[in-house]
Amino acid sequence: MANTNIKIDIQGLDTLSIYFKELAELGTNKVQVHAAIKRGSRSLISRAKSEAPVSKREVKKVSGKVRYKITRNKIKSVLQYTLPGALKRSIGYMKGKAKNSIIGYIGTVKKKMSKEQVFYDAFVINGHKTRGKTYVKSNPYLDRAANSTKENVLNDVEGELTTLIWKQKQKAQQKSGQK
């Protein structure tokens, strides 16, 4: 399956690299930095959700899938249905797994989707052939969203990091003032 995430590399930008160095000197948590980056990338996430295709079908039964629901000590089997817009709902921010650096991805969050929907995202982005041998064109909605909001996202992330640095400096000054 193809990689459907968009990577915006911010290593070459001088101001953001200075902010990251300053955050490291202040001893900031990775969690706080990820939260700031996530807040700064809201415009890209909302744009990607608006660009994502939505099926025109109303409700579709997942073939053969049965989910069990427990109510008042009784187990009921309920057929699973998928609603249109699952791809749109699954777009979000994911933390990358790196020990020494901070990596974040914007794309389809696998935890919010079933296995069938994860494959559907790859089909939408790359295009595919149907069972009737007709070809469905690719729909690179993440690329369009990233290209249209790239400058805004970088400015928003920069603003969020500056506020995080300012808050960390205020905490450091308060701690040094109390001692």
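This report describes the charged side chains of the structure and the surroundings of one tyrosine.

The model is predicted, so local features need pLDDT of at least 70 and side-chain atom pairs count only at pLDDT 80 or more, while totals for chains, interfaces and linings use all residues. Residues are numbered from 1 along each chain as its sequence is written, and side-chain values use heavy atoms, with hydrogens and water left out.

**Salt bridges**

Side chains of opposite charge can pair when their charged atoms come close. A search of the whole structure finds three salt bridges, the term meaning a side-chain nitrogen of Lys or Arg within 4 Å of a carboxyl oxygen of Asp or Glu.

| Pair | N to O distance |
|---|---|
| Glu160 and Arg39 | 2.9 Å |
| Arg47 and Glu51 | 3.2 Å |
| Arg144 and Glu51 | 2.8 Å |

Arg144 in helix H6 and Glu51 in helix H3 are 93 residues apart, and their pair links distant parts of the chain; helices here are DSSP runs (H or I, at least four residues), strands are E runs of at least two, and both are numbered from the N terminus. Arg47 and Glu51, by contrast, are four residues apart in helix H3 (residues 42-51) and therefore separated by about one helical turn. Arg47, Glu51 and Arg144 are linked in a network of salt bridges. Arg47 is partly exposed, at 34% relative accessible area, and Arg144 is partly exposed at 35%, where buried means under 20%, exposed over 50% and partly exposed in between (1.4 Å probe, protein chains only).

The side chains of Glu160 and Arg39 also meet in a salt bridge. That pair joins helix H6 (residues 141-178), which holds Glu160, to helix H2 (residues 30-40), which holds Arg39, across 121 residues. Glu160 is partly exposed, with a relative accessible area of 22%, and Arg39 is partly exposed, with 32%.

**Tyr141**

Tyr141 is in helix H6 and is buried, its relative accessible area being 0%. Apart from its neighbours within four places in sequence, Tyr141 has contacts (heavy atoms within 4.5 Å) with residues including Ala48, Glu51, Ala52, Pro53, Leu87 and Ile91. The C-alpha atoms of Tyr141 and Ala52 are 5.8 Å apart, although the two residues are 89 residues apart in sequence.

**A charged surface patch**

Lys38, Arg42, Lys95, Lys97 and Lys111 gather in a patch of positive charge on the surface; such a patch is made of residues with over 30% relative accessible area and no salt bridge, like charges being joined within 9 Å. Lys95 lies in strand S3 (residues 91-95) and counts as exposed because its relative accessibility is 52%.

Note on methods
Patches are made of residues with over 30% relative accessible area and no salt bridge: like charges are joined within 9 Å, nonpolar side chains (Val, Leu, Ile, Met, Phe, Trp, Tyr) within 5 Å. Accessible areas come from the Shrake-Rupley method with a 1.4 Å probe; for residues, only the protein chains shown count as cover. Lys and Arg count as positive and Asp and Glu as negative; His and the chain ends are not counted. The place of a charge is taken as NZ of Lys, CZ of Arg, CG of Asp or CD of Glu.
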